[in-house]
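Please open the structure in a viewer and keep the selection panel at hand. The stops below are to be taken in order.

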Amino acid sequence: MASLLGVLFDGLAYGMLLFLVSVGLSVTLGLMNFVNLAHGAFAMLGGYVCVALMQRWGVPFLAALPAAFIAAAVAGVILERVLYRRFYRRSHLDQVLVTIGLVFMAIAVATWAFGSQQQPLRLPSTLAGQWSLFGVDLNVYRCFLLVVGASLAVVLTFVLERTRFGAAVRASVDDARVAEALGIRVALVFQLTFAVGCGLAGLGGALGVEVLGLDPTFPLKYIVYFLLVVAVGGTGSVKGPLFAALLLGVADVAGKYYLPQVGAFILYAIMVLLLIVRPQGLVARA
Amino acid sequence: MRVRGLWLEAAFWLVLAAGFVLWPSRLPLASQVLIAGLFALSYDLILGYAGILSLGHAAYFGVGAYSAGLLAAHGWGEPISGLIAAGLLAALAGLITSPLVVRGTDLTRLMITTGLGLLLFELANRLGAITGGVDGLQGVEVQPLFGALRFDIYGRTAYGYVLAVVFVLFLAARRLVRSPFGLSLRGIRGNPARMRAIGCRVDLHLAAVYTFSAACAGVAGALLTQTTQFVGLDVLSFGRSAELLVMLIVGGAGLLYGGFIGAAVFMIAHHYLSSLDPVYWQFWLGAGLVLIVLVGRDGILGLGHRVLGVRRRRAGPAP
């Protein structure tokens with residue numbers, strides 16, 4: 001029983017990370033129908049910014065997190081303006097090629113700058129250690145992840161469903177041309193959401209150094225997870241990816257805990273099965 | 001025009017056949033290039049002609065490689081029957097998975113093929129007792145070709161063998177894409193809904209070409225196993241599928257020869273650049289990919305056609 005709760009807890013924390021990284025991808029796919037395989041590179045950038053700030057300049061962890069967000073968001077804006085925007089109307093093949101090219105470049109740059117080894121991260125003492133609750137050992141850092149992820153999900157839901165900007169985003173996802181005709185500046189909406197999505201990925205990458213690890217192959221290693229969250233969660237909402245990410249997190253951790261021989265096999269099998277049964281995602285929009 | 005094309009094609013294969021004299025010390029590398037070229041040709045059939053975007057084609061390459069390797073490791077070292085068996089097994093894998101792949105949009109196909117590729121990679125990784133896992137499959141012993149020609153260390157037998165097999169499969173693929181069936185594939189790439197409306201059974205056609213493509217990929221994998229007498233887990237890796245896409249795009253998709261040109265450029269560049277520094281290689285690979293897509297994705301062959309002013313054989317817009 002205790003191990004079941006422990007697995008559930010670890011899985012949820014892991015899922016929160018997946019949610020943070022993937023939610024931006026879900027919005028960009030829904031908004032511009034743009035297949036961005038380089039999304040993981042923004043998460044990696046956030047992770048390296050965080051690690052570099054802490055190691056080389058002694059910045060505290062909690063202060064390095066916003067920096068990771070900002071760095072990834074700025075990189076997102078620049079890339080969007082210089083490169084991505086030329087490809088919105090091109091075929092999916094072109095988009096795949098360009099973004100895979102970017103992934104290769106990101107991996108090479110990361111290897112050149114930081115080496116190919118895993119990056120260590122020293123958590124502040126307040127976030128390290130365990131809490132014991134009803135006989136279950138709760139890792140403090142994972143509690144922190146759950147709190148951060150849940151609060152960001154609440155904020156994002158609020159912005160998307162209660163604010164004028166959120167309404168513009170939803171309208172653009174539903175039908176960009178009609179939204180444009182109604183006076184919504186879809187390009188600007190997209191640029192902003194893209195920046196926030198990349199920033200969240202960067203934040204997720206920084207928060208995930210402890211859980212997901214960080215080395216130059218990061219964008220390739222987790223590409224399937226991010227795509228999976230989008231595939232299962234559908235596009236253009238917060239709840240869909242959140243639900244999907246938590247589900248995946250729990251399934252992955254449970255699979256690795258109870259059936260270690262099978263490992264990642266289960267996850268890929270689930271992905272293929274899901275895509276066969278529900279090609280439009282579990283939480284398909286009406 | 002058609003005759004000139006035929007002369008060019010004959011010259012292409014004659015130069016390859018003259019490889020024994022032209023690059024005698026580079027025959028092993030040349031065999032690798034031909035194998036990669038065949039693999040890229042198999043991918044060209046589904047991407048360039050039928051418009052199926054896949055990032056998991058290494059799955060069939062790997063099935064062929066492991067089939068040939070396992071057969072040879074368990075006593076069936078005769079190369080030609082091993083090659084045929086591996087090709088048939090890969091075709092079977094393609095046939096079984098084709099219903100999952102041919103339906104759906106680009107994105108669904110992309111994810112299903114990626115998923116299938118990773119699934120197979122994990123499977124080979126976990127079944128270490130059979131496949132050798134990360135250490136690779138050891139003990140692959142291939143018997144002499146026709147019972148007489150040994151696979152020597154200079155790679156002469158291997159080169160001739162690979163060239164002959166690749167040529168035969170190339171002829172089959174060439175015949176295929178120039179048949180009415182090939183025309184229907186291009187039609188499907190251009191507009192599946194319209195093809196369905198004029199009575200074409202789109203899913204069946206796509207499944208057929210996917211199966212044939214998987215068989216070619218499997219033979220390519222088996223050739224790699226038989227010429228190197230080893231199977232590593234990387235035959236199934238995602239990286240191999242991604243590199244395959246790069247090779248085809250560099251050479252030019254939908255032109256049959258694009259895969260060979262792309263494979264040659266890619267592997268020779270890889271051979272020399274990565275000996276300088278593997279990191280540089282990866283960076284320039286990525287940068288080159290971005291650049292190719294920016295300037296227009298016709299590849300080297302497309303560029304050559306434009307320079308020579310040759311009428312484009314390709315029908316309709318790119319996928």
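Begin with the crossing of α2(A) and α8(A), which is right-handed, meaning that the near helix is turned clockwise from the far one by less than a right angle. The model is predicted, with local features needing pLDDT of at least 70, side-chain atom pairs counting only at pLDDT 80 or more, and totals for chains, interfaces and linings using all residues. Residues are numbered from 1 along each chain as its sequence is written, chains are lettered from A and ligands numbered from 1 in the order in which they are written, and side-chain values use heavy atoms, with hydrogens and water left out.

To display this pair, select residues 39-57 (α2) and 186-208 (α8) of chain A; their axes come within 6 Å and cross at roughly 50°. The two helices are therefore oblique to each other (angles under 35 degrees count as roughly parallel, over 145 as roughly antiparallel, 65 to 115 as roughly perpendicular and the rest as oblique). Axes here are lines fitted to C-alpha atoms, for helices over the stretch in contact, with angles running from 0 to 180 degrees between N-to-C directions. Helices (H or I, at least four residues) and strands (E, at least two) are DSSP runs numbered from the N terminus.

Next, show the side of α2(A) formed by A:His39, A:Phe42, A:Ala43, A:Gly46, A:Gly47 and A:Cys50; in α8(A), the partners include A:Gly197, A:Ala201 and A:Gly205. Contact means heavy atoms within 4.5 Å.

Now select A:Asn139, in strand β2 (residues 136-139) of chain A. A polar atom of the A:Asn139 side chain lies 2.8 Å from the backbone nitrogen of A:Tyr141. Beyond residues up to four places away in sequence, A:Asn139 touches A:Phe9, A:Gly129 and A:Gln130.

Move to chain B and select B:Thr227 in helix α11 (residues 202-228). The side chain of B:Thr227 has a polar atom 3.3 Å from the backbone oxygen of B:Leu224.

Finish at B:Asp277, in the loop between α13 (258-276) and α14 (278-295) of chain B.

Terms used: Polar contact = N/O pair within 3.5 Å; in protein donor to acceptor, adjacent residues only side chain to side chain.
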